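Let's take a walk through a model together, from its packing to its sheet.

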Amino acid sequence: MQEEILTTYSFDPRVLLIILTGVAIILAVIMNLILLFRKTYPGFSLWTMGITAFALGWNLILLRDVFPDIFTIVLANMLFLTAAMSFLDGIRIFRGKRTRKIIFIAIIFLYTIFQSYFTFADYNTSARIILVSFISAIICGFIVFELLSNIPADLRITSYLTAGVFILYSTFMLIRGILTTLHPSPQNFLEPNIITAITLLLNLFFIIAVTFSFIMTNNIRMEAELRGTMTQLQKMATTDPLTGIPNYRFFFQAGEQEMRRVRRYKNHLSVLMLDIDHFKKINDKYGHAVGDTVLATFANVCKKCLRDIDIFGRLGGEEFAVISPQTDINGAKILAERLRTNIEQTEIKTEKGNVRITVSIGATELLSQENDFESVLKRADDAMYEAKRKGRNRVVAL
(Lines give C-alpha, C1' and ligand atoms only; values in the text may rest on other atoms or scores of the structure.)
Protein backbone atom coordinates (compact mmCIF):
# COMPACT_ATOMS: atom_id res chain seq x y z
CA MET A 1 0.00 0.00 0.00
CA GLN A 2 2.79 2.37 0.93
CA GLU A 3 4.62 1.64 -2.33
CA GLU A 4 1.38 2.44 -4.19
CA ILE A 5 1.15 5.82 -2.50
CA LEU A 6 4.80 6.55 -3.17
CA THR A 7 4.70 5.60 -6.83
CA THR A 8 1.23 6.69 -7.93
CA TYR A 9 1.48 10.20 -6.48
CA SER A 10 1.81 12.34 -9.60
CA PHE A 11 3.63 15.68 -9.51
CA ASP A 12 6.90 17.14 -10.68
CA PRO A 13 9.13 17.61 -7.61
CA ARG A 14 11.36 19.96 -9.57
CA VAL A 15 8.63 22.63 -9.46
CA LEU A 16 8.60 22.54 -5.64
CA LEU A 17 12.38 22.33 -5.66
CA ILE A 18 12.67 25.46 -7.81
CA ILE A 19 10.35 27.34 -5.44
CA LEU A 20 12.30 26.11 -2.41
CA THR A 21 15.60 27.02 -4.02
CA GLY A 22 14.42 30.50 -5.03
CA VAL A 23 13.05 31.29 -1.59
CA ALA A 24 16.19 29.95 0.13
CA ILE A 25 18.41 32.13 -2.07
CA ILE A 26 16.35 35.24 -1.28
CA LEU A 27 16.48 34.52 2.45
CA ALA A 28 20.24 33.89 2.29
CA VAL A 29 20.71 37.26 0.55
CA ILE A 30 18.59 38.99 3.21
CA MET A 31 20.62 37.41 6.03
CA ASN A 32 23.90 38.43 4.39
CA LEU A 33 22.69 42.01 3.86
CA ILE A 34 21.65 42.24 7.51
CA LEU A 35 25.04 40.87 8.53
CA LEU A 36 26.82 43.46 6.38
CA PHE A 37 24.77 46.57 7.05
CA ARG A 38 22.95 46.12 10.38
CA LYS A 39 24.11 45.60 13.93
CA THR A 40 24.24 41.90 14.72
CA TYR A 41 25.36 39.85 17.72
CA PRO A 42 27.68 36.85 18.15
CA GLY A 43 26.10 33.84 16.51
CA PHE A 44 24.26 35.72 13.76
CA SER A 45 27.11 35.19 11.30
CA LEU A 46 26.82 31.42 11.86
CA TRP A 47 23.06 31.58 11.29
CA THR A 48 23.76 33.45 8.06
CA MET A 49 26.29 30.82 7.03
CA GLY A 50 23.74 28.11 7.83
CA ILE A 51 20.97 29.71 5.73
CA THR A 52 23.46 30.22 2.88
CA ALA A 53 24.66 26.59 3.09
CA PHE A 54 21.04 25.42 3.12
CA ALA A 55 20.29 27.43 -0.04
CA LEU A 56 23.42 26.18 -1.82
CA GLY A 57 22.60 22.58 -0.91
CA TRP A 58 19.15 22.71 -2.51
CA ASN A 59 20.61 24.46 -5.57
CA LEU A 60 23.00 21.55 -6.02
CA ILE A 61 20.15 19.03 -5.68
CA LEU A 62 18.24 20.95 -8.34
CA LEU A 63 21.21 20.36 -10.66
CA ARG A 64 21.17 16.59 -10.16
CA ASP A 65 21.70 14.72 -13.47
CA VAL A 66 23.49 17.86 -14.72
CA PHE A 67 26.47 17.96 -12.37
CA PRO A 68 28.42 14.95 -11.04
CA ASP A 69 27.15 13.14 -7.92
CA ILE A 70 30.03 14.43 -5.84
CA PHE A 71 28.44 17.88 -6.06
CA THR A 72 24.73 17.11 -6.18
CA ILE A 73 24.74 14.36 -3.54
CA VAL A 74 27.87 14.43 -1.38
CA LEU A 75 28.51 18.19 -1.30
CA ALA A 76 24.78 19.00 -1.11
CA ASN A 77 24.31 16.76 1.95
CA MET A 78 27.47 18.11 3.52
CA LEU A 79 26.05 21.63 3.13
CA PHE A 80 22.79 20.58 4.82
CA LEU A 81 24.68 19.20 7.79
CA THR A 82 26.85 22.34 7.87
CA ALA A 83 23.67 24.41 8.02
CA ALA A 84 22.32 22.42 10.96
CA MET A 85 25.63 22.61 12.81
CA SER A 86 25.85 26.36 12.13
CA PHE A 87 22.37 26.87 13.59
CA LEU A 88 23.32 24.91 16.70
CA ASP A 89 26.68 26.62 17.24
CA GLY A 90 25.17 30.03 16.47
CA ILE A 91 22.51 29.57 19.15
CA ARG A 92 25.15 28.50 21.68
CA ILE A 93 27.33 31.53 20.93
CA PHE A 94 24.35 33.90 20.94
CA ARG A 95 23.52 32.63 24.44
CA GLY A 96 27.09 33.24 25.59
CA LYS A 97 28.33 29.65 25.46
CA ARG A 98 31.56 28.33 23.97
CA THR A 99 31.79 27.15 20.39
CA ARG A 100 32.20 23.47 19.58
CA LYS A 101 33.76 24.06 16.20
CA ILE A 102 36.22 21.15 16.32
CA ILE A 103 33.51 18.63 17.23
CA PHE A 104 31.21 19.96 14.53
CA ILE A 105 33.92 19.81 11.85
CA ALA A 106 34.71 16.23 12.87
CA ILE A 107 31.03 15.23 12.59
CA ILE A 108 30.73 16.88 9.16
CA PHE A 109 33.89 15.08 8.01
CA LEU A 110 32.66 11.64 9.13
CA TYR A 111 29.23 12.30 7.68
CA THR A 112 30.77 13.22 4.32
CA ILE A 113 32.76 9.96 4.30
CA PHE A 114 29.57 7.91 4.83
CA GLN A 115 27.74 9.87 2.15
CA SER A 116 30.63 9.30 -0.25
CA TYR A 117 30.62 5.57 0.52
CA PHE A 118 26.88 5.19 -0.21
CA THR A 119 27.30 7.26 -3.38
CA PHE A 120 30.42 5.79 -5.01
CA ALA A 121 31.34 2.50 -3.29
CA ASP A 122 27.82 1.21 -2.64
CA TYR A 123 25.20 3.38 -4.34
CA ASN A 124 22.31 3.26 -1.88
CA THR A 125 19.68 6.01 -1.85
CA SER A 126 17.85 4.56 1.14
CA ALA A 127 21.03 4.46 3.24
CA ARG A 128 21.72 8.11 2.44
CA ILE A 129 18.15 9.11 3.33
CA ILE A 130 18.32 7.17 6.60
CA LEU A 131 21.67 8.76 7.43
CA VAL A 132 20.61 12.34 6.73
CA SER A 133 17.21 11.86 8.42
CA PHE A 134 18.48 10.48 11.73
CA ILE A 135 21.44 12.86 11.98
CA SER A 136 19.20 15.84 11.18
CA ALA A 137 16.69 14.71 13.82
CA ILE A 138 19.44 14.36 16.44
CA ILE A 139 20.98 17.77 15.70
CA CYS A 140 17.55 19.43 15.75
CA GLY A 141 17.01 17.81 19.14
CA PHE A 142 20.20 19.42 20.44
CA ILE A 143 19.08 22.77 18.98
CA VAL A 144 15.75 22.48 20.82
CA PHE A 145 17.63 21.70 24.03
CA GLU A 146 19.82 24.80 23.63
CA LEU A 147 16.82 26.99 22.80
CA LEU A 148 14.85 25.89 25.85
CA SER A 149 17.73 25.96 28.35
CA ASN A 150 18.02 29.07 30.56
CA ILE A 151 15.88 31.21 28.29
CA PRO A 152 16.44 34.98 28.77
CA ALA A 153 13.18 36.72 29.66
CA ASP A 154 13.16 38.92 26.56
CA LEU A 155 13.75 35.93 24.24
CA ARG A 156 11.11 33.63 25.72
CA ILE A 157 8.55 33.92 22.90
CA THR A 158 11.03 33.65 20.02
CA SER A 159 12.80 30.75 21.74
CA TYR A 160 9.56 28.80 22.07
CA LEU A 161 8.53 29.53 18.47
CA THR A 162 11.94 28.60 17.06
CA ALA A 163 12.06 25.45 19.19
CA GLY A 164 8.62 24.53 17.85
CA VAL A 165 9.88 24.77 14.26
CA PHE A 166 12.87 22.54 15.02
CA ILE A 167 10.68 20.04 16.92
CA LEU A 168 8.42 19.75 13.86
CA TYR A 169 11.38 19.32 11.53
CA SER A 170 13.09 16.81 13.84
CA THR A 171 9.90 14.76 14.17
CA PHE A 172 9.40 14.58 10.43
CA MET A 173 13.02 13.59 9.77
CA LEU A 174 12.78 10.90 12.44
CA ILE A 175 9.59 9.50 10.87
CA ARG A 176 11.16 9.69 7.42
CA GLY A 177 14.21 7.78 8.62
CA ILE A 178 12.09 5.08 10.29
CA LEU A 179 9.86 4.64 7.21
CA THR A 180 12.88 4.37 4.93
CA THR A 181 14.47 1.84 7.30
CA LEU A 182 11.33 -0.31 7.30
CA HIS A 183 10.69 0.06 3.57
CA PRO A 184 13.97 0.75 1.72
CA SER A 185 13.39 2.35 -1.67
CA PRO A 186 15.84 2.51 -4.55
CA GLN A 187 14.00 5.49 -6.05
CA ASN A 188 15.70 8.72 -7.00
CA PHE A 189 14.93 11.58 -4.62
CA LEU A 190 13.48 13.62 -7.49
CA GLU A 191 11.01 10.92 -8.54
CA PRO A 192 7.38 11.85 -7.70
CA ASN A 193 6.11 10.53 -4.33
CA ILE A 194 4.28 11.87 -1.32
CA ILE A 195 7.34 11.72 0.97
CA THR A 196 9.36 13.86 -1.43
CA ALA A 197 6.50 16.37 -1.67
CA ILE A 198 6.19 16.63 2.12
CA THR A 199 9.98 16.88 2.46
CA LEU A 200 10.19 19.79 0.03
CA LEU A 201 7.18 21.61 1.48
CA LEU A 202 8.44 21.16 5.03
CA ASN A 203 11.90 22.45 4.09
CA LEU A 204 10.26 25.47 2.45
CA PHE A 205 8.32 26.21 5.65
CA PHE A 206 11.40 25.45 7.75
CA ILE A 207 13.78 27.84 6.01
CA ILE A 208 11.25 30.70 6.07
CA ALA A 209 10.36 30.18 9.75
CA VAL A 210 13.95 29.73 10.91
CA THR A 211 15.24 32.76 9.02
CA PHE A 212 12.63 35.09 10.45
CA SER A 213 13.12 33.59 13.92
CA PHE A 214 16.84 34.38 13.75
CA ILE A 215 16.17 37.92 12.47
CA MET A 216 13.56 38.49 15.19
CA THR A 217 15.91 37.15 17.88
CA ASN A 218 18.66 39.52 16.76
CA ASN A 219 16.23 42.45 16.68
CA ILE A 220 14.95 41.70 20.17
CA ARG A 221 18.52 41.69 21.48
CA MET A 222 19.11 45.00 19.67
CA GLU A 223 15.95 46.54 21.15
CA ALA A 224 16.93 45.35 24.63
CA GLU A 225 20.37 46.92 24.22
CA LEU A 226 18.79 50.14 22.97
CA ARG A 227 16.44 50.26 25.95
CA GLY A 228 19.39 49.63 28.25
CA THR A 229 21.35 52.44 26.58
CA MET A 230 18.41 54.83 26.86
CA THR A 231 17.97 53.92 30.53
CA GLN A 232 21.67 54.49 31.12
CA LEU A 233 21.56 57.86 29.33
CA GLN A 234 18.49 58.80 31.35
CA LYS A 235 20.30 57.83 34.52
CA MET A 236 23.40 59.78 33.50
CA ALA A 237 21.26 62.84 32.78
CA THR A 238 19.46 62.75 36.14
CA THR A 239 21.95 61.13 38.53
CA ASP A 240 25.08 62.41 40.21
CA PRO A 241 27.82 59.95 39.14
CA LEU A 242 29.81 60.14 42.38
CA THR A 243 27.06 59.59 44.94
CA GLY A 244 24.44 57.84 42.79
CA ILE A 245 21.66 60.18 43.96
CA PRO A 246 19.59 62.60 41.84
CA ASN A 247 21.37 65.66 40.47
CA TYR A 248 20.10 69.24 40.57
CA ARG A 249 18.05 68.86 37.38
CA PHE A 250 16.11 65.82 38.56
CA PHE A 251 15.79 67.17 42.11
CA PHE A 252 14.28 70.46 40.91
CA GLN A 253 11.81 68.67 38.61
CA ALA A 254 10.82 66.36 41.47
CA GLY A 255 10.31 69.39 43.71
CA GLU A 256 7.91 71.02 41.26
CA GLN A 257 6.03 67.74 40.89
CA GLU A 258 5.72 67.35 44.66
CA MET A 259 4.42 70.92 44.94
CA ARG A 260 1.63 70.13 42.49
CA ARG A 261 0.78 67.01 44.50
CA VAL A 262 0.67 69.07 47.71
CA ARG A 263 -1.73 71.56 46.13
CA ARG A 264 -3.97 68.73 44.94
CA TYR A 265 -4.13 66.77 48.19
CA LYS A 266 -3.57 69.60 50.70
CA ASN A 267 -0.54 67.93 52.32
CA HIS A 268 2.57 69.38 53.93
CA LEU A 269 5.95 69.56 52.20
CA SER A 270 9.31 70.42 53.73
CA VAL A 271 12.72 71.03 52.22
CA LEU A 272 16.15 70.65 53.83
CA MET A 273 19.38 72.16 52.56
CA LEU A 274 22.60 70.50 53.74
CA ASP A 275 26.17 71.73 53.41
CA ILE A 276 29.24 69.84 54.69
CA ASP A 277 31.21 72.07 57.04
CA HIS A 278 34.77 73.05 56.05
CA PHE A 279 34.74 70.72 53.06
CA LYS A 280 37.33 72.83 51.20
CA LYS A 281 39.80 72.24 54.04
CA ILE A 282 39.30 68.46 53.67
CA ASN A 283 40.11 68.69 49.96
CA ASP A 284 43.14 70.88 50.61
CA LYS A 285 44.48 68.66 53.40
CA TYR A 286 43.75 65.17 52.07
CA GLY A 287 43.24 65.65 48.34
CA HIS A 288 40.22 65.32 46.05
CA ALA A 289 40.18 61.51 46.17
CA VAL A 290 39.52 61.63 49.92
CA GLY A 291 37.04 64.43 49.31
CA ASP A 292 35.13 62.18 46.91
CA THR A 293 35.09 59.39 49.52
CA VAL A 294 33.69 61.84 52.07
CA LEU A 295 30.93 62.95 49.70
CA ALA A 296 29.95 59.38 48.82
CA THR A 297 29.92 58.30 52.47
CA PHE A 298 27.96 61.39 53.47
CA ALA A 299 25.32 60.55 50.84
CA ASN A 300 25.06 56.93 52.03
CA VAL A 301 24.63 57.95 55.69
CA CYS A 302 21.89 60.42 54.75
CA LYS A 303 20.03 57.87 52.59
CA LYS A 304 19.83 55.49 55.55
CA CYS A 305 18.08 58.17 57.60
CA LEU A 306 15.47 58.99 54.96
CA ARG A 307 12.15 57.40 54.01
CA ASP A 308 11.44 55.87 50.64
CA ILE A 309 9.20 58.81 49.72
CA ASP A 310 11.88 61.39 50.58
CA ILE A 311 13.87 62.75 47.64
CA PHE A 312 17.56 63.29 48.27
CA GLY A 313 19.75 65.09 45.75
CA ARG A 314 23.15 66.63 45.26
CA LEU A 315 22.88 70.23 44.06
CA GLY A 316 26.60 70.70 43.47
CA GLY A 317 29.91 70.54 45.32
CA GLU A 318 29.23 69.76 48.98
CA GLU A 319 25.61 71.00 48.87
CA PHE A 320 22.77 68.50 49.20
CA ALA A 321 19.03 68.83 49.66
CA VAL A 322 16.05 66.77 50.78
CA ILE A 323 12.41 67.02 49.75
CA SER A 324 10.27 65.50 52.48
CA PRO A 325 6.62 65.02 51.44
CA GLN A 326 3.84 64.89 54.05
CA THR A 327 6.16 66.56 56.58
CA ASP A 328 5.54 69.86 58.36
CA ILE A 329 8.25 72.13 59.75
CA ASN A 330 8.36 70.34 63.09
CA GLY A 331 8.84 66.99 61.37
CA ALA A 332 11.48 68.61 59.14
CA LYS A 333 13.46 69.81 62.18
CA ILE A 334 13.34 66.33 63.71
CA LEU A 335 14.55 64.78 60.42
CA ALA A 336 17.30 67.40 60.06
CA GLU A 337 18.51 66.79 63.60
CA ARG A 338 18.63 63.04 62.96
CA LEU A 339 20.72 63.65 59.85
CA ARG A 340 23.06 66.04 61.66
CA THR A 341 23.59 63.61 64.55
CA ASN A 342 24.27 60.62 62.33
CA ILE A 343 26.77 62.58 60.23
CA GLU A 344 28.57 63.86 63.32
CA GLN A 345 28.88 60.33 64.72
CA THR A 346 30.20 58.80 61.50
CA GLU A 347 33.91 58.14 61.14
CA ILE A 348 34.83 58.03 57.46
CA LYS A 349 37.67 55.66 56.61
CA THR A 350 39.94 56.89 53.80
CA GLU A 351 43.29 55.90 52.38
CA LYS A 352 44.87 58.81 54.26
CA GLY A 353 43.27 58.16 57.62
CA ASN A 354 39.89 58.48 59.26
CA VAL A 355 37.93 61.70 58.78
CA ARG A 356 35.07 63.14 60.77
CA ILE A 357 32.73 65.79 59.39
CA THR A 358 29.77 67.87 60.47
CA VAL A 359 26.92 69.38 58.50
CA SER A 360 24.91 72.59 58.62
CA ILE A 361 21.24 72.18 57.74
CA GLY A 362 18.53 74.65 56.83
CA ALA A 363 14.89 73.59 57.05
CA THR A 364 11.72 75.16 55.72
CA GLU A 365 8.13 74.27 54.85
CA LEU A 366 6.16 75.10 51.73
CA LEU A 367 3.90 78.06 52.43
CA SER A 368 0.25 78.01 51.40
CA GLN A 369 0.66 80.96 49.02
CA GLU A 370 3.84 79.66 47.33
CA ASN A 371 3.69 78.30 43.77
CA ASP A 372 7.40 78.44 42.97
CA PHE A 373 9.71 75.64 44.15
CA GLU A 374 12.75 77.85 43.61
CA SER A 375 11.58 80.22 46.35
CA VAL A 376 11.20 77.32 48.79
CA LEU A 377 14.69 76.09 47.92
CA LYS A 378 16.12 79.59 48.41
CA ARG A 379 14.53 79.89 51.85
CA ALA A 380 16.04 76.55 52.87
CA ASP A 381 19.38 77.78 51.51
CA ASP A 382 19.11 80.97 53.57
CA ALA A 383 18.38 78.89 56.66
CA MET A 384 21.43 76.73 55.97
CA TYR A 385 23.70 79.82 55.69
CA GLU A 386 22.20 81.09 58.93
CA ALA A 387 23.24 77.78 60.54
CA LYS A 388 26.78 78.33 59.29
CA ARG A 389 26.86 81.91 60.62
CA LYS A 390 25.76 80.63 64.03
CA GLY A 391 28.74 78.27 64.26
CA ARG A 392 27.99 75.34 61.93
CA ASN A 393 26.99 71.77 62.87
CA ARG A 394 23.46 72.84 63.64
CA VAL A 395 19.91 73.04 62.26
CA VAL A 396 18.11 76.33 61.55
CA ALA A 397 14.49 76.48 60.44
CA LEU A 398 12.87 79.39 58.60
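This is a predicted model: local features need pLDDT of at least 70, side-chain atom pairs count only at pLDDT 80 or more; totals for chains, interfaces and linings use all residues.

Residues are numbered from 1 along each chain as its sequence is written, and side-chain values use heavy atoms, with hydrogens and water left out.

Let's begin with the largest nonpolar core, which holds 60 residues. A nonpolar core here is a set of buried Ala, Val, Leu, Ile, Met, Phe, Trp, Tyr and Cys residues joined through side-chain atoms within 4.5 Å; buried means under 20% relative accessible area, exposed over 50%, and partly exposed in between, with a 1.4 Å probe and protein chains only. Phe 54, Phe 87 and Phe 166 touch the most other members of this core. At least two core residues come from each of H2 (13-37), H3 (44-62), H4 (69-94), H5 (101-121), H6 (125-148), H7 (156-182) and H8 (194-238), and H8 supplies the largest share, with 12 residues. Helices (H or I, at least four residues) and strands (E, at least two) are DSSP runs numbered from the N terminus.

Now zoom in on Phe 87. Leaving aside neighbours within four places in sequence, its contacts (heavy atoms within 4.5 Å) are Trp 47, Gly 50, Ile 51, Ile 143, Phe 166, Phe 206, Val 210 and Phe 214. Another core, of 30 residues, lies apart from the largest one and includes Ile 245, Val 290, Leu 339 and Ile 343.

Asn 218 counts as buried because its relative accessibility is 1%. Not counting residues up to four places away in sequence, Asn 218 touches Lys 39, Thr 40, Tyr 41 and Phe 44.

Next comes the sheet. Five strands form an open sheet with mixed pairing, in the order E2-E3-E1-E6-E7; two strands pair if DSSP finds at least two bridges between them. Strand E2 (311-316) and strand E7 (395-397) are the edges, each pairing on one side only. From one strand to the next, the twist averages 20°.

E3 pairs with E2 in the antiparallel sense over five bridges, with Arg 314 opposite Phe 320 and Ile 311 opposite Ile 323. Two residues separate the strands in the hairpin of E2 and E3, where Gly 317 takes a positive phi near 55°. E3 also pairs with E1, again antiparallel, over seven bridges, and there Met 273 has Ala 321 as its bridge partner.

In a regular strand the side chains alternate between the two faces of the sheet. On E3 both faces are covered: Glu 319, Ala 321, Ile 323 and Pro 325 are buried on one side, and Phe 320, Val 322 and Ser 324 on the other.

Finally, look at the helices on the sheet. Helix H12 (329-344) lies across E1 (269-276), E3, E6 (359-365) and E7, running at about 170° to E6; axes are lines fitted to C-alpha atoms, for helices over the stretch in contact, and angles run from 0 to 180 degrees between N-to-C directions. Helix H13 (373-389) packs on the sheet too, touching E1, E2, E3, E6 and E7, at about 140° to E6.
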